[in-house]
Amino acid sequence: MLRTALLAAALAAACPAYAGDADLAALRAEVQKMKSDYEARIQTLEVRVQAAEAKAAATVPQVDSSAAPPVEPAQAASNSFNPEISFILQGGYAHLQNLPNRQASGFLPNGTSGPATRGFSVDDSELVLAANIDPYFRGYLNAVLNNDTVGVEEAWFQTLALGSGLTIKGGRFRSGIGYQNEQHPHAWDFATNNLMYETLFGEGYGNDGLQLKWVAPTELFTELGAEIGRGSNFPGTDRNANGVGSYALYGHIGGDVGDSHSWRSGVSYLSTRAADRSGTLADFGHTQVDTAFDGDSRTWMADFVWKWAPHGNPNVNNFKFAAELFRREENGNLDCAGGLCGSGSLGAYQATQYGGYAQAVYQFMPRWRIGYRYDRLNPGSQDFGINNTRLPRPDFSPSRNSLMADYSPSEFTRLRLQYTRDRSMPGQDENQWYLQYIYSLGTHGAHTF
């Protein structure tokens, strides 16, 4: 087509509107000559192109066929998956009495009671990896160093695209019950856990299972949640059985009051079952006896949080008040061995117990905070059945008072001093001192409200 266009253009330029036969013959001869010259030039250019290609091929290095193949675009995209990685370094110093047993009087032990770590320690340090897997799921891993052991505290996936305010989480996770339960120790406002959570869960209630949450499309924050799981953690035990070992239900509402105040309130319910849940109690002869509980454990919780920051800016001043209450019912059988229980004494067991805590934390100037927490438990009513003649039912109400001050030179560092007056056991009035450091290395997600 190029050749034809060039010939037509040449002919149009060369031919006048009117020409004789002689002139027409001359024009045809000239056109034929131009055509021959054009084809000769084309052939010359093609020869030069072939020569250049041959020279370029001779200079390209040979590739070893045994070497790794080049990265394909899909493979390169998979290498771009870089999760958020952070490490929370936490430790400090604790000045405590050397007590062989630390558990709230009047409550069945949680399985983690024992001598506290005195002196220097590195506890509750966390390695966290998190990332969006694809547009539909997010993954999270939290590995914890605690008392010279390393364990997986959380490892879960969560949906991102269900819509309508729905999310599903599966794997190992902290339950959404209560207020503090979802918080890791580095996010606590005090160096130690409150007495309520220590007694109910040991540290916090976690589960292997599934969680469904729904946030309603309303101006008032409204969240509903339901969970099912293995139920192997205290107050339940691993029963090595099919089906659901525990379930939880909870709801939270909250909102803003003006531009400086916000609040959240909620109720929760946890039901689980224990089989041979071991522990120790003191009998009427003050001898430690071994116990094993089989039965149902049901816990109701209520929580409330109020926050203040002038015009929503917490950098200079802010204040937070939080409180939680619980009621626990346990029904089943309790076996005890040793002391007055002899080789074994199985009796019915029923208990209804209460407790809670309230705390306030005030940032009075940039980087500096002070706080106070009050803990109190009520052993309520306990019925040991035939073991009422062997096991006492104490009417002592455990309590604690804690004061703390912390300094945060940056958002990645916190240094804390805490004093606690512990009256969780009868006849024991202990003064406890804690120095704590918390350092955050790497990218770490925002904490919950």
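The lining of the second largest pocket divides into 14 nonpolar, 20 polar and 9 charged residues. Here Ala, Val, Leu, Ile, Met, Phe, Trp, Tyr, Cys and Pro count as nonpolar, Asp, Glu, Lys and Arg as charged, and the others, Gly among them, as polar. This is a predicted model, in which local features need pLDDT of at least 70 and side-chain atom pairs count only at pLDDT 80 or more, while totals for chains, interfaces and linings use all residues. Residues are numbered from 1 along each chain as its sequence is written, and side-chain values use heavy atoms, with hydrogens and water left out.

**The second largest pocket**

- The second largest pocket holds about 1,400 Å³ of space, a volume being the space filled by probe spheres set on grid points that are joined across faces, edges and corners.
- Its lining has 43 residues, and Gln363, Arg369, Glu411, Arg414 and His447 lie nearest the centre.
- Two or more lining residues come from each of β10 (261–282), β11 (288–308), β12 (318–337), β13 (345–365), β15 (399–410), β16 (413–425) and β17 (428–442).
- On a 1 Å grid over the protein atoms alone, a pocket is an open set of points with protein on both sides within 12 Å along at least five of seven lines, a cavity is a set where a 1.4 Å probe fits but cannot get out, and lining residues have an atom within 4 Å of a point.

- Strands (E, at least two residues) and helices (H or I, at least four) are DSSP runs, numbered from the N terminus.
- Strands β5 (residues 149–159) and β6 (residues 166–174) run antiparallel and are joined by 4 bridges; two strands pair if DSSP finds at least two bridges between them.
- The hairpin of β5 and β6 has 6 residues between the strands, and Gly163 there takes a positive phi near 80 degrees.
- You can follow Gly171 of β6 through both pairings: Trp156 stands opposite Gly171, and Gly171 stands opposite Gly209 in β7.

**Arg174 in β6**

- Arg174 lies in strand β6 and is buried, with a relative accessible area of 4%.
- Buried means under 20% relative accessible area, exposed over 50%, and partly exposed in between (1.4 Å probe, protein chains only).
- Beyond four places in sequence, the contacts of Arg174 include Glu153, Glu154, His184, Tyr205 and Gln211, where contact means heavy atoms within 4.5 Å.
- Arg174 and Ala155 are 19 residues apart in sequence and 9.8 Å apart in space, C-alpha to C-alpha.

**Backbone details to look for**

- The peptide bond from Phe234 to Pro235 is cis, with omega near 15 degrees, and Pro235 sits in the loop between β8 (221–229) and β9 (246–257).
- Asp276 is not a glycine, yet has a positive phi of about 55 degrees; Asp276 belongs to strand β10 and is exposed, at 56% relative accessible area.
- Arg367, also not a glycine, has a positive phi of about 80 degrees; Arg367 is in the loop between β13 and β14 (368–383) and is partly exposed, at 44% relative accessibility.

**Confidence in the model**

- The chain averages a pLDDT of 87, and 83% of the residues score at least 70; pLDDT is the predictor's confidence in each residue, from 0 to 100.
- Over residues 1–19 the pLDDT is below 50, and this stretch has 12 contacts beyond near neighbours in sequence.
- Residues 58–79 stay under 50 too, with 1 contact beyond four places in sequence.
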